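Subject: Handover of a structure and findings

Dear colleague,

Please find below the structure that I am handing over to you. The findings follow directly after it.

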Amino acid sequence: RAADRICDALRGEFALSCGTAELSASVGVACSNGTPITSDELVRRADAAMYQSKQDARCAPVLADQAPQR
């Protein structure tokens, strides 16, 4: 839900001094299920999920277990 709120908050047109800008966010989410995992691995999984979100171009968060492993 937090990732959805971030996407919603950043989606839309924003007024700038030089005009308007259309913004959106690509968010990847990774969680540990209780098994030991390094912080580097957790960030790598979130990063892969974020790139999947970018590829989907839906402005929706992607969970790491739904993202392809690189």
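Before the remaining findings, some notes on the basis of the work. This is a predicted model, in which local features need pLDDT of at least 70 and side-chain atom pairs count only at pLDDT 80 or more, while totals for chains, interfaces and linings use all residues. Residues are numbered from 1 along each chain as its sequence is written, and side-chain values use heavy atoms, with hydrogens and water left out.

Overall architecture

The protein chain contains two helices and four strands, arranged along the sequence in the pattern α-β-β-β-α-β. Helices (H or I, at least four residues) and strands (E, at least two) are DSSP runs, numbered from the N terminus.

The radius of gyration of the protein chain is 14 Å, whereas a compact globule of 70 residues would have a value near 11 Å. This radius is taken over C-alpha atoms, and the globule rule is 2.2 Å times the number of residues to the power 0.38. The C-alpha trace spans about 50 × 20 × 20 Å along its principal axes.

Of the 70 residues, 23% count as buried. The accessible surface of the protein chain is about 5,200 Å², and carbon and sulfur atoms contribute 53% of that surface. Accessible areas come from the Shrake-Rupley method with a 1.4 Å probe; for residues, only the protein chains shown count as cover.

Among contacts in the protein chain with a separation of 6 or more, 37% are between residues 24 or more positions apart; contact means heavy atoms within 4.5 Å.

Salt bridges

How many salt bridges does a search of the whole structure find? The search finds three, a salt bridge being a side-chain nitrogen of Lys or Arg within 4 Å of a carboxyl oxygen of Asp or Glu.

Glu41 takes part in a network of salt bridges with Arg44 and Arg45. In the pair Glu41 and Arg44, the closest N and O atoms are 2.7 Å apart; in the pair Glu41 and Arg45, the corresponding distance is 2.9 Å. Glu41 and Arg44 are three residues apart in helix H2, about one turn of the helix. Glu41 and Arg45 are separated by about one helical turn because they are four residues apart in helix H2. Arg44 is partly exposed, at a relative accessible area of 32%, and Arg45 is partly exposed at 31%.

Asp8 forms a salt bridge with Arg11, with 2.7 Å between the closest N and O atoms. Asp8 counts as partly exposed at 47% relative accessibility, as does Arg11 at 36%.

Ser53 lies in helix H2, which covers residues 39-56. Why does Ser53 count as buried? Ser53 counts as buried because its relative accessibility is 1%. Beyond its neighbours within four places in sequence, Ser53 is in contact with Ser26, Val27, Arg58, Ala60 and Val62.

Ser26 is located in the loop between strand S2 (19-23) and strand S3 (28-29) and is partly exposed, with a relative accessible area of 28%. Its contacts, apart from neighbours within four places in sequence, are Met50, Ser53 and Lys54. Ser26 and Cys7 are 19 residues apart in sequence, with 7.4 Å between their C-alpha atoms.

Ala49 is also placed in helix H2 and counts as buried, at 0% relative accessibility. Its C-alpha atom is 12 Å from that of Cys59, a residue 10 positions away along the chain.

Asn33 sits in the loop between S3 and H2 and is exposed, with a relative accessible area of 67%. Asn33 and Ala48 are 15 residues apart in sequence and 18 Å apart in space, C-alpha to C-alpha.

With kind regards

Key:
Buried means under 20% relative accessible area, exposed over 50%, partly exposed in between (1.4 Å probe, protein chains only).
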